[in-house]
Amino acid sequence: MAMRPPVPVPTLSRRAKLLIGATAVLLVLFTAIGTLTNVYVDYLWFDETNYTEVFWTELQTRVLLFAVAGIATGGLVAAAVYLAYRHRPTFRPMSLEQQNLERYRQSLEPRRGLVLTAVAVVLGLFAGFTAQGSWQTWLSFRNATDFGKTDPQFGLDLSFFVFDYPFYRLALGFGLAIVVLALIGSLLTHYVFGGLRLQTPGQKLTSAARVQLSVLLGLFVALKAVAYWLDRYGLVYSDRGDVFTGASYTDVNALLVPKTILVFVAAVCALAFFANIVVRNFLLPAAALVLLLLSSLVIGVAYPAIVQQFVVKPSANEKEAPYIERAIAATRDAYGLSDITYVDYAQESTGDEVDTAAALAELRNDTQTIPNARLLDPNVLADTFTARQQIRNVYGFPAKLDIDRYTLPDADSGEDRTRDYVVAVRELNSTGLSENQDTWINRHTVYTHGNGFVAAPANEVVAGAEGGEPNFTTRDLPPVGTIDIDQSRIYYGELIKDYSVVGAPEGAAEREFDQPEGGSSEGQISNTYDGKGGVSVGSFFRQLTYAIYYRERNFLLSNAVNDASKVMYVRDPRDRVEKAAPFLQVDGDPYPAVIDGRVTWMLDGYTTSDSYPYAEQMELGEAAADALTGTGTTALPNETFNYIRNSVKATVDAYDGTVTLYAWDEEDPVLKTFMKAFPGTVKPKSDMSEELISHVRYPEDLFKVQRAVLTRYHVSNPVDFFNQSDRWQIPDDPTRNTHEDQPPYYILAQRPGDDAASFQLTSALNAFERDNLSSFVTASSEPGSYGEIQVLRLPGNTPFRGPQQVQNSFLSNNQVRPDLTLFDSGSSDAVFGNLLTLPIGDAGLLYVEPLYVRGSGESGFPLLQKVLVNFGDRIGYGNTLSEALDEVFGAGAGESATDSGGGSTTGGGTDGGDTTATPTPSTPPSGGGGTSSNAGMEQAVSDINSALDALAAAQRSGDFAAQGRALAELQDAVDAYQGAQKSGAPAGPTG
């Protein structure tokens with residue numbers, strides 16, 4: 001048979017080669033400039049914040065892993081391909097198969113070096129980019145710290161599973177990938193160049209091909225033996241158990257030994273392939289490979305399945321009991337739930353039957369909870385803070401405000417008193433700039449910062465014509481009030497997304513807008529930043545760098561960028577902490593606090609792992625989500641994890657951006673491991689001042705994860721756990737008409753068994769797939785008891801109302817329903833605040849909910865109008881908390897409870913829980929009352945509607961004087977309505 005003529009190899013013209021070469025050089029040049037600029041700008045940020053140790057350690061680790069994985073993968077695969085080519089047969093038998101392959105050989109032969117290099121580079125880059133993403137796995141392995149605890153199956157320290165095992169799996173995965181890629185490359189090369197002849201008569205493999213393929217197959221099976229050995233330890237992550245995680249009865253008794261046997265079978269199989277180098281017969285390794293496959297199917301799959309089906313399932317609750325105990329203990333420990341205090345809450349109110357006398361006695365003895373009942377909802381009042389404290393359009397407040405506590409002198413007694421406050425900082429809001437303000441100069445050099453800290457007691461509102469508003473005890477510009485602030489400028493905050501160029505030479509005109517000038521609606525006071533924050537851009541090289549980075553020529557052309565200029569970027573406190581500590585997950589809700597006269601952002605950092613043995617795995621973002629996630633808070637990434645600790649408390653100075661990390665949980669092995677990797681980045685807990693510690697809160701995202709775990713893992717008996725007979729469930733948020741979880745709430749209250757009130761994070765938990773309340777969970781934020789979790793367990797044989805049932809009873813109440821119709825008119829909307837659950841001694845759980853009215857229109861904002869209370873089967877509804885409590889417990893109960901805090905009305909506000917709101921009437925109930933009375937009420941309702949319309953119009957126009965007049969008219973109309981109602985209309989029922 002005649003050979004086909006060689007196929008001509010196409011060539012490029014000299015001009016085309018030059019064009020392609022120039023394009024490639026420019027592409028590489030621009031890519032290199034962009035990459036180096038990004039790295040340099042990153043370095044400058046780390047240098048400014050004094051975290052260069054983090055920058056260099058991460059960079060060096062990424063480069064090391066990239067180089068090792070890239071060279072190993074690209075180099076070894078290329079070497080295997082080269083060896084296959086190097087030992088190609090000189091002469092090949094004539095056949096149609098070889099003739100068809102000849103054209104490929106002729107095409108590859110002239111450019112074999114280029115092809116081999118391209119294969120090595122592409123595979124090396126892919127492997128390198130993949131490996132460098134696992135830099136934390138390497139650092140964890142390299143700096144592993146013992147847990148001091150051993151797993152119950154293998155007796156190994158838990159650090160093996162958390163730090164070592166993931167790295168061994170990573171290395172094994174790369175080893176298997178390299179061998180497989182080398183095997184594929186060698187097979188293809190041998191086939192194309194005649195070493196492997198599938199369709200040619202005679203010998204199918206050359207000696208060189210047989211030796212190389214035998215070695216590669218032997219290496220693959222040997223690595224498979226290592227994989228079987230690691231699989232033994234991987235049983236601690238098994239999900240074979242239907243309701244728990246970790247090694248089950250079947251895993252321990254029917255899979256652990258087979259995995260060990262498969263290790264030896266695979267090792268023998270590998271030796272058989274290596275022996276084929278000498279034996280020159282594939283029958284032996286083929287038989288060994290068949291034995292391995294059959295063994296893996298029979299003892300690795302079929303036998304465990306038979307044991308599971310016929311031994312375990314018929315009596316799973318008994319067989320799995322000891323392994324469920326392991327899972328319960330490990331999961332509790334992994335999520336920080338090993339030391340919970342459970343209290344059987346034997347309250348005097350049993351279900352819907354209320355022992356009023358006993359409850360009233362507890363209420364009157366309560367001096368800590370009711371006086372501090374929080375009626376200002378930080379999730380509702382952002383628009384109110386904006387309407388009353390924004391001052392200029394360039395300022396703004398986040399969609400969700402924050403709760404913190406301060407110990408300040410009481411206005412009446414002069415004694416120090418701890419109260420919780422709704423707090424916020426007046427930040428720069430770049431999106432609020434008007435069209436004529438939105439130039440590069442204004443956006444980046446004039447409007448550079450916010451100014452001021454705003455606080456209002458959480459249990460207090462303003463009485464009188466402006467009733468229902470927060471009583472801003474710290475407010476205005478320059479700041480005045482009860483909290484002393486030395487530095488109120490906010491250069492770093494949650495709303496500040498743009499970069500700013502600040503600073504000027506000495507004697508230069510001040511450019512930055514600082515605050516409005518007193519007594520003027522148009523004047524302003526300017527300033528020049530003199531803090532240590534920001535990266536210097538005084539040199540031409542720095543200006544060129546940032547011009548390239550931001551693609552902004554004004555860094556080179558504008559006079560606003562000078563020798564004394566600094567550029568501020570990465571200004572969100574959460575982003576700054578994540579960048580300074582990349583080994584942490586940062587809580588999604590930073591909050592501001594005034595520490596030593598400076599506004600400071602407080603943040604919580606979590607160390608996590610997905611490799612804690614026997615602990616149930618969850619998705620972090622999903623577990624930490626609730627109805628408010630994304631509204632003024634940031635959702636955590638949806639990464640798999642099964643271990644979490646609040647190991648770090650972080651602060652960010654709002655003026656100069658200083659990031660400080662404190663080791664809060666100094667016993668956490670994961671934190672210790674990363675502190676070895678990044679020495680000097682995390683300060684000891686002892687460096688925290690007492691004032692700083694006094695503002696530490698138990699973090700919300702951690703609490704949400706823990707309550708999700710508690711819904712199942714509060715059960716200790718393994719049989720009950722298996723049966724899932726006492727499972728709990730997080731209730732939906734009843735105030736938002738959604739199927740998303742109710743958020744936890746911060747309150748200042750006295751827990752049963754405690755001597756005084758404590759600042760705590762709380763959540764109600766329902767029975768599974770029921771709306772009945774099963775438990776009430778609290779986590780203390782007090783320095784002396786921080787992190788102590790208490791669970792009040794309600795009797796399971798009596799249905800207690802859960803949040804949704806309480807909300808339904810409010811909505812259907814005869815007094816509430818008419819007001820909701822009135823509030824939800826064309827000129828206003830009813831807005832329910834947070835439904836708080838408050839334990840009143842041993843008397844029971846009291847539900848308290850504020851009701852706001854928001855004027856319609858863009859400038860409308862919510863004002864507190866009513867307070868709703870539920871206890872057992874009784875509902876209270878009034879203008880104040882005191883009035884609502886009277887309706888539940890009888891006349892005088894509310895005054896007695898709310899006055900016990902020792903507060904009094906000051907500065908137009910009310911104190912001590914005696915929250916006063918502008919009273920708004922119910923529509924008269926049908927039946928009863930005289931004609932004159934009805935006529936008076938009808939006129940009053942008409943006047944109320946007119947006043948609401950006027951109020952809405954004033955809010956839309958931003959006319960505060962008109963709003964005050966409208967509120968006064970509304971108050972007069974309400975008084976007239978109530979007078980007419982008392983003269984003839986019957987009172988509505990309480991439930």
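The number of salt bridges comes to 33, where a salt bridge is a side-chain nitrogen of Lys or Arg within 4 Å of a carboxyl oxygen of Asp or Glu. This is a predicted model, in which local features need pLDDT of at least 70 and side-chain atom pairs count only at pLDDT 80 or more, while totals for chains, interfaces and linings use all residues. Residues are numbered from 1 along each chain as its sequence is written, and side-chain values use heavy atoms, with hydrogens and water left out. Side chains of opposite charge can pair when their charged atoms come close.

One of these salt bridges joins Glu 48 and Arg 576, with the closest N and O atoms 3.7 Å apart. Helices (H or I, at least four residues) and strands (E, at least two) are DSSP runs, numbered from the N terminus. Glu 48 and Arg 576 are both buried; buried means under 20% relative accessible area, with exposed over 50% and partly exposed in between (1.4 Å probe, protein chains only).

A second salt bridge is formed by Glu 700 and Lys 400, at 3.8 Å from N to O. Glu 700 belongs to helix 21 (residues 700-713), whereas Lys 400 is in the loop between strand 2 (395-396) and strand 3 (402-409), so this pair ties together parts that are 300 residues apart in sequence. Both Glu 700 and Lys 400 are buried.

Helix 21 also holds Lys 704, whose side chain meets that of Asp 626 in a salt bridge of 3.1 Å, N to O. Asp 626 lies in the loop between helix 18 (620-623) and strand 20 (640-641), and the two residues of this pair are 78 residues apart. Asp 626 and Lys 704 are both buried. Through shared partners, salt bridges join Lys 400, Asp 589, Arg 697 and Glu 700 into one network.

Several of these residues return in the description of the cavities. Rolling a probe the size of a water molecule over the atoms shows where empty space is left. On a 1 Å grid over the protein atoms alone, a cavity is a set of points where a 1.4 Å probe fits but cannot get out, and lining residues have an atom within 4 Å of a point. Grid points are joined across faces, edges and corners, and a volume is the space filled by probe spheres set on the points. The whole structure contains 8 cavities of 30 Å³ or more, and the largest cavity holds about 220 Å³ of space. It is lined by 27 residues, of which Lys 400, Asp 589, Asp 626, Thr 633 and Glu 700 are the closest to its centre.

The lining of the largest cavity divides into 11 nonpolar, 7 polar and 9 charged residues. Here Ala, Val, Leu, Ile, Met, Phe, Trp, Tyr, Cys and Pro count as nonpolar, Asp, Glu, Lys and Arg as charged, and the others, Gly among them, as polar. Helix 21 and strand 24 (745-749) each supply at least two residues of this lining, and helix 21 gives the largest share, 3 residues.

Strand pairing comes next; two strands pair if DSSP finds at least two bridges between them. An open sheet of 3 strands has the order 11-15-14, with antiparallel pairing. Strand 11 (500-502) and strand 14 (535-536) are the edge strands, each pairing on one side only. Strand 11 pairs with strand 15 (residues 566-568) over 3 bridges, and Val 502 has Lys 566 in strand 15 as its bridge partner.

Strand 31 (residues 844-855) runs antiparallel to strand 32, joined by 8 bridges, and Arg 854 stands opposite Pro 862. These two strands form a hairpin with 6 residues between them, and Gly 857 in the turn has a positive phi of about 105°. Strand 32 is also joined to strand 33 (residues 874-878) by 5 bridges, again antiparallel, with Leu 868 partnered by Tyr 877. In the hairpin of strand 32 and strand 33, 2 residues lie between the strands, and Gly 872 in the turn has a positive phi of about 65°.

Terms used:
1 Å grid on protein atoms, 1.4 Å probe; cavity = no way out; pocket = protein on both sides within 12 Å on 5 of 7 lines; lining within 4 Å.
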